[in-house]
Amino acid sequence: MASTVLRASFRFCGAPTPRLLPRSLKAYQNRVNTLLVLRGTSSIFIPSVPLESWRNTINFNTIRHVTPFNRNKLGQTSPAFRSSGVATSRDLPSKTLPAYTPPTTGLLSFLPKQVVPYAELIRLDKPTGTYYLFFPCLFSTLIAATMATPMADLTTVVRTTALFFTGALVMRGAGCTINDLWDRNLDPHVERTRLRPIARKAISPQAAIVFTSAQLLAGLGVLLSLPFECFWYATPSLLFVASYPLAKRVTHYPQFVLGLTFSWGAMMGFPALGVDLLSNQAALATAAFLYSSNVAWTVLYDMIYAHMDIKDDAKAGIKSIALKHEKETKAVLTGLALGQISLLASAGVAAGMGPIFFIGSCGGAAAALATMVWKVNLKEVKNCWWWFQNGCWITGGAITFGLVGEFLCQYFSLYDAEKEDSRDLVIQK
């Protein structure tokens, strides 16, 4: 029986069973469990050492305490291993990763300890994703305001914008929670995500599911504060919210699914301001072009984001567009930027926008994207993060600036005043 157990332990550790077992089997069988700590590591390859050498050189007292942080003790106390050609942890690169420490600065440091894991789960300390989700809602609201009959007033635009921002905050948090539930077995193997609350077991999957339900109910409350037509337009987006994490496992283009999800707000501003997309062909074309433009933008910035995890993703088997097109990333980014600007300009034409939109929004976004694609260093994690974080405000801010200017010009009839001035000038001549 003891012989069977010892042979099974060799197989469990990934090593072939020796032809002969040690004579003092009874002494060794009590230490069988110490072999199990070697399973899945490359610290020792037992088959390459003769059995007698193996028995004489292994210090079981050392192996008993082998951990990921002191494996090199084995190499220090067993020189016979190194002389016999066996790989030890000294021969392998090792990296000690820091343990989790509670936040001591920023917003999370002021929250109760019990609340911090949930705040981290919804990325409350990293609001860039919320802004990216909010910008398409803002774009569509400003465009729809100029197409509404009568034109939407400032108070309505501000109120609708505030509701959309609240909804973006809530639904982005729900999306992060769903994503982490899907990835709870993958995140521990990726350096950047290994300390997320579910990955480090600070929040159980069951608690996360309950929390997700609460977030979805809060999102429903925000949605019902808008005109009821918005409910029918918004509901299909939940399919994309739930399926994005799965896309990372089946396709190299999960960023496209993320784009379909994050860009959904590009359609929501129209029903929120009473513009019926089904009966208004110009509005429908505008929404379609704007939505497609935002999909291209999402794929672009998330491709840069994916380069931060490209090595860990490859090891963990996670698929991404960055892995698929690693060698031609800049070319892909350039194509996406051109597509985004072209589709944005098409949306402006369909909506009957004026020169301020094309100069401010289209021209500003083109300059911002060209700078980002040219300067981003895809091999440097911090640089990718900087452009992902700040590119949100640079590109999104440029588009917003042009749209606000266009809305104000139409709201105060400045274009009509210019037309009147031009007409008077022609008559005088």
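Me: Which backbone oxygen does the side chain of His189 reach?

Reply: A polar contact is a pair of N or O atoms within 3.5 Å; within protein, one must be able to donate a hydrogen and the other to accept it, and residues adjacent in sequence count only if both atoms are side-chain atoms. Here the side chain of His189 reaches the backbone oxygen of Asn185, at 3.5 Å. The model is a predicted one, in which local features need pLDDT of at least 70 and side-chain atom pairs count only at pLDDT 80 or more, while totals for chains, interfaces and linings use all residues. Residues are numbered from 1 along each chain as its sequence is written, and side-chain values use heavy atoms, with hydrogens and water left out.

Me: Is His189 buried or exposed, and where is His189 found?

Reply: Buried means under 20% relative accessible area, exposed over 50%, and partly exposed in between (1.4 Å probe, protein chains only). His189 is exposed because its relative accessible area is 57%. His189 is found in the loop between α10 (154-182) and α11 (205-224); helices are DSSP runs (H or I, at least four residues), numbered from the N terminus. The C-alpha atoms of His189 and Asp312 are separated by 7.4 Å, although the two residues are 123 apart along the chain.

Me: How many residues of helix α14 are buried, and what covers them?

Reply: In α14 (residues 254-262), eight of the nine residues are buried, including Pro254, Val257, Leu260 and Phe262. Contact means heavy atoms within 4.5 Å. Among the elements that cover these buried residues are α9 (128-147), α13 (237-250) and α16 (281-306).

Me: Which residues have the most contacts inside the largest nonpolar core?

Reply: A nonpolar core is a set of buried Ala, Val, Leu, Ile, Met, Phe, Trp, Tyr and Cys residues joined through side-chain atoms within 4.5 Å. The largest has 74 residues, and those with the most contacts inside it are Ile143, Phe270, Leu300, Ile304 and Leu403. Not counting residues up to four places away in sequence, Ile304 touches Leu333, Met372, Val376, Leu378 and Cys384. Another core, of five residues, lies apart from it, with Leu121 and Ile198 among them.

Me: How many disulfides are there, and why does Cys384 count as buried?

Reply: A disulfide is a pair of cysteine sulfur atoms within 2.5 Å. By this rule the count is zero. Cys384 counts as buried because its relative accessible area is 0%; Cys137 is also buried, at 8% relative accessibility.

How values were computed:
Helices (H or I, at least four residues) and strands (E, at least two) are DSSP runs, numbered from the N terminus.
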